[in-house]
Amino acid sequence: MKKGKISMTITIGIVCFLLVMIIFMQFKVVRQSEETNINTMQEAELRQELANWKIKYEEAKEKYDETSETLKTYKEESTSDNQTKETLEKELENLEMALGKTNVEGEGVIITLNEKTEKELADEEEITPINAQDLIYIVNYLKDAGAEAISINGERIVNNTYIVDIVGESIIKINSKYLRTNSYEIKAIGNSSYLESSIFGKGGYVEQLNTTGINAKIERSNRVRISKYEGDFETKYMQEKELETKK
Amino acid sequence: MDKKVEAIILAIMCFILTIGICIQINTVNNNGSTVSGSQQENNLKSQVLKMKEKYENQYAELERAERELEKERENIASSNTELAELESKIKKANLLLGNTNVTGTGIKVTLSDGKADPKILDAENLIVHAENVLAVVNEMKNAGAEAISINEERVTNTTAISCDGNIIIVNGKKVGSPIQITAIGFVELLSNLNRPGSTLETFKNNGKIVDFKKNSNLEIPKYTGVLNFKYAKTVK
């Protein structure tokens, strides 16, 4: 009688142990499959993802080759001081272009925003003047479409550019310059069809502007010219962080 | 009597364990449908992972080369005063472009989605949208921010802040919630972001959760990506 009870308890103990083990194993499987969200992607998404990584790889490769080339010039003993100087100047020029400190030219678009005339206005349509937020959104859409340089009424958009409304005067301030106007010309350099579809596509921002009495026009060109940023960049508060133990 | 109680306890335990197993099997099955997929999809997946790894290796190599290049420039600068000027200009440009990790004083703004509240009519207002992040970044620049990051993504000249459904994307990378926007600059000026009537206060009134902190020792990472210009060319 007693012996039977013991063996029964042991059997139940073993069964419970096995069941618990199975549950833990299951948990592990579930966690693993959540780790890589790639598993839940569909085929079309995967193709897009693959293309994106490929572009990124190619860009990194190109930049690496360029960097190696520059490095070689500096390292070679036969390089004259003049050559070194030229290479440094070229490096600096590339960086200054990225900063917006040089005039640039290239494929792109020119967008003009104007308030509709009374004839163009539909019944009961009213004009809401273009405000800072409209311009912020448009600039952001253009950047999203890969714009390499942007300007609004000749003001170059650089990394510390802000666009704000001056309350009460309905004027817009960009890069600490005041734009007292109702019409805007936005220039962007980049792939012109990407740039165009970023705001002129169906459901794009231009449709929205249209309902508030603003006419938007776009012109594609192979030679859009954007002038440089005229201001200075000043830094007082940020410090470069020294690299920790180099490998 | 004793036996009866024992039997009932056992039955309950078995029942719970069985339910546990059933739930697990169900979840795994749901996952399984996408995990297995077609052969082609699996093939694509491994291709994506391979390409990603290829990029990461190449990027690491590029970073190494750039560090070496910087050292080489410093060498040149130490031996020639004329070239030293160019070297320091290059250094400053890289700092401005976001190509270096930086530290300094500044502020940190954290935005998270609000909890559902019957008093707030529009649930859309509870959610942190890309537009909200864009507005905060613009205000930070207005307050003289010298470096800005969103979570770990550095905001550069070409950074777009967009959305894909409910996910916010910065520099082409998905950014999780809560959204932490960090800015280095003059703290007193940056603190204007938190004044009465500010955008941040509007967010709070709309039911979003907003946290504002000053910090005397912030760190902002460099931009991880390749600045590439294919269309723009410098002209006189």
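## An open sheet in chain A

In this predicted model, β4, β5 and β6 of chain A form an open sheet of three strands, in the order β4-β5-β6, with antiparallel pairing. Helices (H or I, at least four residues) and strands (E, at least two) are DSSP runs numbered from the N terminus, and two strands pair if DSSP finds at least two bridges between them. The edge strands are β4 and β6 of chain A, each of which pairs on one side only. From one strand to the next, the twist averages 30°. Angles run from 0 to 180 degrees between N-to-C directions, and axes are lines fitted to C-alpha atoms, for helices over the stretch in contact.

Three bridges join β5(A) to β6(A) in the antiparallel sense, and A:Ile172 stands opposite A:Leu179 in β6(A). Helix α4(A) packs on the sheet and touches β4 and β5 of chain A; the direction of α4(A) makes about 170° with that of β4(A). Two residues are in contact if their C-beta atoms, placed from the backbone, lie within 7 Å. The loop between β5 (171-174) and β6 (177-179) of chain A holds A:Ser176, whose phi is near 60°, a positive value in a residue other than glycine. Most residues other than glycine have a negative phi, and most peptide bonds are trans.

## Conventions and confidence

Residues are numbered from 1 along each chain as its sequence is written, while chains are lettered from A and ligands numbered from 1 in the order in which they are written. Because the model is predicted, local features need pLDDT of at least 70 and side-chain atom pairs count only at pLDDT 80 or more, whereas totals for chains, interfaces and linings use all residues.

The pLDDT is the predictor's confidence in each residue, from 0 to 100. Chain A has a mean pLDDT of 87, with 91% of its residues reaching 70 or more; for chain B the mean is 88, and 94% of its residues reach 70 or more. Within chain A, confidence is lowest in α1(A), at a mean of 75, and highest in strand β2 (residues 149-152), at 97. Where pLDDT is low, the predicted coordinates should not be read in detail. For the complex, the predictor gives an ipTM of 0.79 and a pTM of 0.80.

## Pairing around β7 of chain A

Strand β7 (residues 184-189) of chain A runs antiparallel to β1(A), and six bridges join them. β7(A) also pairs with β2(A) in the antiparallel sense, over four bridges. A:Ile189 in β7(A) is the bridge partner of A:Gly108 and also that of A:Ala149.

## Packing of α4 and α5 in chain A

Helix α4 (residues 132-144) and helix α5 (residues 192-200) of chain A pack at an angle of about 140°, with their axes 8 Å apart. The two helices, α4(A) and α5(A), are therefore oblique to each other; angles under 35 degrees count as roughly parallel, over 145 as roughly antiparallel, 65 to 115 as roughly perpendicular and the rest as oblique. The crossing of α4(A) and α5(A) is right-handed. A crossing is right-handed if the near helix is turned clockwise from the far one by less than a right angle, and left-handed if anticlockwise.

On the α4(A) side the contact is made by A:Ile138, A:Tyr141, A:Leu142 and A:Asp144, and on the α5(A) side by A:Leu195, A:Ser198 and A:Ile199. By class, the residues of this contact are five nonpolar, one polar and one charged. Ala, Val, Leu, Ile, Met, Phe, Trp, Tyr, Cys and Pro count as nonpolar, Asp, Glu, Lys and Arg as charged, and the others, Gly among them, as polar.

## Contact between the chains

In the complex, 76 residues of chain A are in contact with 74 residues of chain B. Elements of chain A that each supply at least two residues to this side include α1 (2-35), α3 (81-99) and β1 (103-115). The most is given by α2(A), with 20 residues. The side of chain A that touches chain B has 32 nonpolar, 21 polar and 23 charged residues.

α2(A) and helix α2 (residues 39-79) of chain B pack at an angle of about 20°, with their axes 8 Å apart. α2(A) and α2(B) are therefore roughly parallel to each other, and α2(A) passes α2(B) in a left-handed crossing. The residues of the contact of α2(A) with α2(B) comprise 17 nonpolar, five polar and 16 charged.
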